[in-house]
Amino acid sequence: MAQTEVRVVGKRAGWRPDKLREHREAHGLTLEEAGEQMRLVAEQAGLKGIPAANPQTLSQHETGESYPGPSYRRAYCLLYRATEPSLGFRPALPGEETRFEITPLPEQRNGLHVIAVERALTRISDGRGFDSYSWQQRVMEAWKRRRTGGDPHKPCVVLVGGYAGSGKTEFARFLTQLTGWPLVDKDPLTRPLVEPLLSALGSQPHDRHTELYREKVRPAEYTALMQAVYSNVSCGISTVVTAPFIAELTDAQWMQRLINRCASHGVDVAPIWVQCDVESMYEYITHRGAARDAWKLERWEEYLETIDVDLRPVVPHLVVDNRMGGAISLADQARQAIGAVTV
């Protein structure tokens with residue numbers, strides 16, 4: 001079961017729980033009112049893991065008795081229209097934006113919702129040889145075209161890759177909400193076939209670490225995933241596809257085949273790598289409570305030996321810096337701003 005609290009006060013460098021009380025009082029909210037509004041924004045944002053946003057829980061956060069889990073921190077940022085550093089959850093990363101002010105309706109119709117989207121997209125930066133600014137503008141234009149029509153660009157396949165718990169699925173969903181491009185997500189697409197296949201081969205349905213999975217099942221899993229993508233490519237439909245893509249993004253031949261196949265249909269390819277720190281990945285994996293993560297959590301140190309946090313795609317690509325959850329927090333803010341404008 002997913003946990004909602006982390007009782008490791010001494011291990012949270014730079015944590016300032018008093019900041020939560022300051023923000024609540026600045027908004028003129030009691031603990032009861034803050035809990036009610038938190039449940040509302042969490043429901044609107046589709047956040048899970050906010051089962052008890054009651055006065056007692058919020059008080060424990062404000063006094064430092066317990067450290068809020070990822071879903072709570074995201075909800076706090078949305079509730080107070082703030083960032084994690086400004087709420088005292090952690091120190092800011094170098095160059096990280098620590099203020100995020102969005103004017104509530106009706107004043108919000110002055111265009112600050114556009115600023116919210118633009119600021120979230122700044123988390124997409126150059127990886128190696130990819131023009132991040134032009135691609136940010138492309139996403140912005142796709143969002144605007146959903147309301148105005150017309151598309152000056154070729155269709156595009158966006159590969160969003162990263163390690164487990166990096167936030168790649170959340171960021172991929174953010175892109176689809178902006179652009180209207182369909183999302184192809186490996187786990188819900190292939191799991192109904194992968195798990196029975198693993199069981200039929202004598203393994204556990206949640207096996208993602210044995211040689212059997214890597215050599216017999218994983219290749220078929222990714223083939224099925226990409227066939228779904230190619231169906232859209234053949235129709236000239238832009239698509240956001242998310243999966244770890246660890247082996248694929250580091251395989252120059254695989255990537256070139258993908259680029260060539262898409263190019264033959266007049267479709268561009270934009271690889272995006274979601275960068276995250278080990279501590280945040282562990283926290284995300286712990287709180288989502290997925291059965292497929294059990295082996296990783298039970299043998300965390302052994303699992304860490306199999307990953308390289310400095311890994312990057314071998315082709316020109318974009319990078320989303322989601323260390324300490326910074327990119328997802330901004331994406332939440334942008335989605336909230338967009339939702340407020342379009343209601």
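Hi everyone, let's start with the sheet: six strands form an open sheet in the order E3-E8-E7-E4-E6-E5, with mixed pairing. Please keep in mind that this is a predicted model. Which strands stand at the edges? Those are E3 (124-126) and E5 (183-185); each has a single partner strand, so one side of each is left without a neighbour in the sheet. If you look at how neighbouring strands are turned against each other, the average is 25 degrees, direction ignored.

If you want a residue pair to click on, Asp126 has Leu318 in E8 as its bridge partner.

Now for the helices on this sheet. Helix H7 (residues 168-179) packs on the sheet and touches E3, E4, E5, E6, E7 and E8. The direction of H7 makes about 170 degrees with that of E6. Helix H8 packs on the sheet as well, touching E5 and E6, and its direction makes about 45 degrees with that of E5.

Next, strand E4, residues 156-161.

Let's move on to a loop. Ser203 is in the loop between helix H8 (186-200) and helix H9 (211-234). Is Ser203 buried or exposed? Its relative accessibility is 17%, and because the cut-off for buried is under 20%, Ser203 counts as buried. The side chain of Ser203 makes a polar contact of 2.9 Å with the side chain of Asp207. Beyond its neighbours within four places in sequence, Ser203 is in contact with Leu198 and Leu212.

For a contrast, here is another loop residue. Lys48 is found between helix H2 (31-45) and helix H3 (55-63). With 69% relative accessibility, Lys48 counts as exposed. The C-alpha atoms of Lys48 and Ala75 are 9.8 Å from each other, with the two residues 27 apart along the chain.

That brings us to H3 itself. Which residues of H3 are buried? They are Thr57, Leu58, His61 and Glu62. Looking down the axis of H3, these buried residues fall within an arc of 135 degrees, so they line one face of the helix. Over on the other side of H3, Gln56 and Thr63 are exposed. Just after the helix comes Gly64, which takes a positive phi of about 85 degrees.

Note on methods
Residues are numbered from 1 along each chain as its sequence is written. This is a predicted model: local features need pLDDT of at least 70, side-chain atom pairs count only at pLDDT 80 or more; totals for chains, interfaces and linings use all residues. Side-chain values use heavy atoms; hydrogens and water are left out. Helices (H or I, at least four residues) and strands (E, at least two) are DSSP runs, numbered from the N terminus. Buried means under 20% relative accessible area, exposed over 50%, partly exposed in between (1.4 Å probe, protein chains only). A polar contact is a pair of N or O atoms within 3.5 Å; within protein, one must be able to donate a hydrogen and the other to accept it, and residues adjacent in sequence count only if both atoms are side-chain atoms. Contact means heavy atoms within 4.5 Å. Two strands pair if DSSP finds at least two bridges between them. Axes are lines fitted to C-alpha atoms, for helices over the stretch in contact, and angles run from 0 to 180 degrees between N-to-C directions. The arc is that of the directions from the helix axis to the C-beta atoms.
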